[in-house]
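Please read these notes with the model open beside you. They are written as numbered points, chain by chain and then contact by contact.

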Amino acid sequence: MAEEKKTFVLTRFDPDKDEEPRLQSYEIPVQSDWKILDAINYIKDEVDGSVSHRWSCRMEVCGSCGMMVDGEPKLTCKTAVSDYGDTVKVEPLANFPIVRDLIVEFDGFMDKFKSVKPWVVRAKELAAEEGPMRQSPAELQAFKQFSMCINCMLCYASCPVVANEPHFLGPAAIALGHRYNMDSRDEGNAERNEIFRGEGTVFSCSYANECSEVCPKNVDPAAAVNQAKFNAVIDWAGSLVLPRGGK
Amino acid sequence: MAGPAHPRAMEPPKPGRTRTAPPQTPGSWPSHPRMRVYTLFGLTGILYLLVGFTSLRLVWALGEGPQRFHEVLASFGHPIYVAFHALTLAAVVFVGVRFLSLFPKAQPANIGPLKPPPRPIIHAMLYVVWITLTVVFAAILAGAIF
Amino acid sequence: MRHLLLKLEPVIWLLFGQGIMIGTMLLTGWLLVVGIAVPLGIVDADALNYQRAHSLGSNIIGRLVLAALIALPMWKGAHHCRHLSIDHGGGDRDHIVAPILYAIATIGSIAAILAVVRL
């Protein structure tokens, strides 16, 4: 069988040498069952060892290998080479500063993530002798979908608000905060809803729904963000009637 | 990439150890079909804003007496007005269809002990309400009832 | 200004949400008849003769419907125009664009209330 070849056009950027990112083409033989990550690993292993990219599990659970493939955010370990034509463009995730080649700076994401208090907030922890915090299947279902996020940041790369409003918390952070707000063990709704109405306001979301379209884990962050808006309004209305500190 | 994103998009809380290149927007914007639909959805905002003022004009005229009211109503027969209202009607239907498809999943899982109906039921109920309201309101305006 | 906008966001979002929901549902029938059918003669213009129109518009339900029909779409419009501006590189000018758009919607809403009160 004739060997199939494809050309991969990768973003290259070395901060010590390059003024700005440039594109570099690599024509390589590809196998029919390859994912985009396989092609990039081949390029690094066999053609140009200086290509830098992030990857880990190769099985769509770690969220490390997110990149733009022909202009759309994808997990490269999940995306088949056979879905594309003879030339495939691979770039670092959109809307993030670029550290090098296909690697983006994600400290901004971690900062937004931490700001929504993504842990069970309790006014008072249960004593050990009180046993575990029990939760029914229905209570689990209320938030389980939003707990499936693998922090791949594809949603941030697809969001028009993230692209234009630096303060916006963003889909994954809000979805995670909402996940804890919906968790029956959590008592941090009031604190999180104040964060949701703060600088990073959930109301910046314009419901483009792109985050949910690109999410590889069907988390549906758009649903979470818009549910969070509703809850934030109820919380705000409640705080008008009963100011904090008076409850 | 399509173009530059905000220079401080996804900015880290403090600078990293090496220089970074500025963030870029996705290469599929703005020509991607979904982004086109989303942009169109946003553009309908202009029509909604304008139609609020044309409706205001008519209702204000209603308070000024029969002659002024009929003048304004007659002006709605101008081809530009008819075209504007027809375009706005198309926009309203487009907005309604897109919004109703996105509305069910935006509902909270529960408000206290109350749970909303399943999403397909909410979706269907909204269409029933929309169609019913449209038919009844149009029938009233057209003189078929009341 | 940004701080004020943040404080008002829940109200603006509620008005915008109703602008889409109620505004869209009311505008469909309104535009079909008042915008197209009557001007084109498909529906007899006598259906909207002054006496009938005034009688329908001046009862309490009529006033509420007309006020909603005028004002709520303006909030949807203002909010979406704001997002259009942001989506096209306008994040940094939002503190100017947003107040202007919401001021237009506010003025329109006040005018809507006045228009129905004076019927």
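Predicted model: local features only at pLDDT ≥ 70, side-chain atom pairs only at ≥ 80, totals over all residues.

1. For the complex, the predictor reports an ipTM of 0.94 and a pTM of 0.94. Chain B has an average pLDDT of 94, and 99% of its residues score at least 70. Chain C has a mean pLDDT of 95, with 100% of its residues at 70 or more.

2. **Confidence within chain B.** Two helices mark the ends of the range here. Helix H4 (residues 119–141) of chain B has the lowest confidence, at a mean of 95. Helix H3 (residues 79–102) of chain B has the highest, at 97.

3. **Chain A, overall.** Chain A holds nine helices and seven strands. Along the principal axes, its C-alpha atoms fill a box of roughly 70 × 40 × 30 Å. Of the 247 residues in chain A, 47% are buried. Contacts between residues 24 or more positions apart make up 65% of those in chain A with a separation of 6 or more.

4. **Two domains in chain A.** Where they touch, domain 1 of chain A brings 13 residues and domain 2 of chain A brings 12 residues.

5. **The domain 1 side of that contact.** Which elements of domain 1 of chain A give two or more residues to the side that touches domain 2 of chain A? They are strand S3 (66–69) and S4 of chain A. S4(A) has the largest share, three residues. By class, this side of domain 1 of chain A divides into seven nonpolar, three polar and three charged residues.

6. **Val81(A).** This residue sits in the loop between strand S4 (72–75) and strand S5 (87–91) of chain A. Is Val81(A) buried or exposed? It is buried, because 21 other C-beta atoms lie within 10 Å and the cut-off for buried is 20 or more. Leaving aside neighbours within four places in sequence, Val81(A) is in contact with Lys6(A), Val30(A), Trp34(A), Lys35(A), Ile36(A) and Ala39(A). Asn226(A) is another matter. Val81(A) and Asn226(A) are 145 residues apart in sequence and 34 Å apart in space, C-alpha to C-alpha.

7. **Two domains in chain B.** Chain B is also assigned domains: domain 1 (28–102) and domain 2 (108–146). Taken over C-alpha atoms, the centres of domain 1 of chain B and domain 2 of chain B are separated by 21 Å.

8. **Chain A against chain C.** Here 13 residues of chain A contact 11 residues of chain C. On the chain A side, helix H5 (160–164) and helix H9 (221–241) each supply at least two residues. H9(A) gives the most, with four residues. The chain A side has six nonpolar, four polar and three charged residues.

9. **Chain B against chain C.** This contact takes 50 residues from chain C and 45 residues from chain B. Four elements of chain C give two or more residues to its side: helix H1 (2–37), helix H2 (50–58), helix H3 (60–90) and helix H4 (94–117). Which helix gives the most to the side of chain C that touches chain B? H1(C) does, with 16 residues. By class, this side of chain C has 34 nonpolar, 13 polar and three charged residues.

10. **H2(C) on H3(C).** Two packed helices are described by the angle between their axes and the distance between the axes. For H2(C) and H3(C), the angle is about 90° and the axes are 5 Å apart. H2(C) is therefore roughly perpendicular to H3(C), since angles of 65 to 115 degrees count as such. Leu56(C), Gly57(C) and Ser58(C) in H2(C) meet Gly62(C), Arg63(C) and Leu66(C) in H3(C). The residues of this contact divide into two nonpolar, three polar and one charged.

Conventions
Residues numbered from 1 in each chain as written. Chains lettered and ligands numbered in written order. Contact = placed C-beta atoms within 7 Å. Nonpolar A, V, L, I, M, F, W, Y, C, P; charged D, E, K, R; others polar. Buried ≥ 20, exposed ≤ 12 C-beta atoms within 10 Å, placed from the backbone. pLDDT = per-residue confidence, 0-100. Domains from an automatic or database assignment. Axes fitted to C-alpha atoms, helices over the stretch in contact; angles between N-to-C directions. Parallel < 35°, antiparallel > 145°, perpendicular 65-115°, else oblique.
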